[in-house]
Amino acid sequence: MGIFKSIKRYYTRKEGVKKQSDQSIPNYNTYNPDNKTIVFFNLHMPAPAHDSGSNRLKEIILFFKNKNYNCIICSKNTFRDNGYVDYFSDFGAIVFVENSQYSSYFDFVKSLPKVDFVWYYGGKSFYFNLKKVSKILPEATSLYDMIDIHFLRYKRAIKINPKRISLWKNFLKFFFIETKLTGKVDYVATISNVEKEIMSRYIDVDKLITIPNIHYPKISKEKALLFEDREGILFIGSKHEPNIDAVHYLYHEIMPIVWKENNEIKVNIIGNLNENIKGIEDSRFIFTGHVCNIEPFFTANKFMIAPLRYGAGVKGKIGQAFEYYLPVITSSIGAEGMELIHQRNALIYDAKEEFALAILNLYNNKTLWQELHQNSEQSLKPFSNQALEELFLKFETL
């Protein structure tokens, strides 16, 4: 961090702390020294309504909280006015907020009577926290949750944009983090068995644990609208570069083919990726931005599309679609690690022409739509909390 950024961060924190009338740590009074303690380190305060990664972390925290663990969330620059502080506090988690008692969450963690487990969530958080936390908590069992293989994502992006220097820099950075620094933790969690197999080339397989996303139906089938009562197609995503690329690819390459046949099909795009999209203004391409309640979009659109050209890991947006019995058209990158069968659980196409024809077909084919709709619950079976149950049993023996 540069000196000017450090100075700015110092004064931002000072002003933020000064504005808080309550300087306590939310829920710290619930800490029970007789229970095991797990500290989750995330770069920013998890925001489940904003991105699927945060939603995954929420489910993990809820799981351990239900097992009577002291669950503590530590993230940078988090103040009491962050709405997710109350959100996670309501679940019973202890949430570190910047305050006058501790100069940082590192000082706060030092003060804890005991910490049994450390959970680093994501590559940037792992890189930022590892050195200090390892010194503070040398006896704690540590786990790095990759979420996805970042270096693989950048490697795939380089194939599309080989001259983009930033992609090469990030590839090298995350290759070091994910294949070298991982030697300093006890466990590494991959999000699918596909990624576990890839990482086994670099990491001792005994360290590797597969922890998939956790998904379950969010509505009853009876609540889902009928095929004929729906219109439009849905894309959801944060301002994650693969999502930005997918939106441009969708608008410039796929939808022109679709609109030649049906000029009235509208694409509804939700998520904060709209903040990074430039040059697309079309009444058929609707950017709604971040929404607090995604349910109306998942229940009113005909299907979800995810034409991802690169990326890594299991795609939370597709799991979310299945939670609402919403059919999906995606690419092989989008389907990776999800155990999907083409034309049974989803439609999977990579060529833009085939993707466009699939949109036109599914938009009008009630029989195919109903088959995918009916199979949604089956598609969720690989995403139960069974892997967390197995990890919990492992932790209990340590």
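Which residues in α13 meet Lys 366, Leu 368, Trp 369 and Leu 372 in α14? They are Asn 361, Leu 362 and Asn 364. The model described here is predicted. This briefing covers that helix pair, a lysine in a loop and an isoleucine in a helix.

**Helices α13 and α14**
- Helix α13 spans residues 352-364, and helix α14 spans residues 366-374.
- The two helices pack at an angle of about 90°, and their axes are 5 Å apart.
- That angle makes α13 roughly perpendicular to α14.
- Sorted by class, the contact of α13 with α14 has four nonpolar residues, two polar residues and one charged residue.

**Lys 76**
- Lys 76 sits in the loop between β2 (70-74) and α3 (83-90).
- Lys 76 is buried but has no salt bridge.
- Apart from neighbours within four places in sequence, Lys 76 is in contact with Arg 9, Asn 42, Leu 43, Glu 98, Tyr 105 and Phe 128.

**Ile 254**
- Ile 254 belongs to helix α9, which covers residues 241-261.
- The relative accessible area of Ile 254 is 0%, so this residue counts as buried.
- Leaving out neighbours within four places in sequence, Ile 254 is in contact with Tyr 249, Pro 307, Lys 352, Phe 355, Ala 356 and Ile 359.
- Ile 254 and Glu 353 lie 99 residues apart in sequence, and their C-alpha atoms are 6.9 Å apart in space.

Note on methods. Residues are numbered from 1 along each chain as its sequence is written. This is a predicted model: local features need pLDDT of at least 70, side-chain atom pairs count only at pLDDT 80 or more; totals for chains, interfaces and linings use all residues. Side-chain values use heavy atoms; hydrogens and water are left out. Axes are lines fitted to C-alpha atoms, for helices over the stretch in contact, and angles run from 0 to 180 degrees between N-to-C directions. Helices (H or I, at least four residues) and strands (E, at least two) are DSSP runs, numbered from the N terminus. Angles under 35 degrees count as roughly parallel, over 145 as roughly antiparallel, 65 to 115 as roughly perpendicular and the rest as oblique. Contact means heavy atoms within 4.5 Å. Ala, Val, Leu, Ile, Met, Phe, Trp, Tyr, Cys and Pro count as nonpolar, Asp, Glu, Lys and Arg as charged, and the others, Gly among them, as polar. Buried means under 20% relative accessible area, exposed over 50%, partly exposed in between (1.4 Å probe, protein chains only). Lys and Arg count as positive and Asp and Glu as negative; His and the chain ends are not counted. A salt bridge is a side-chain nitrogen of Lys or Arg within 4 Å of a carboxyl oxygen of Asp or Glu.
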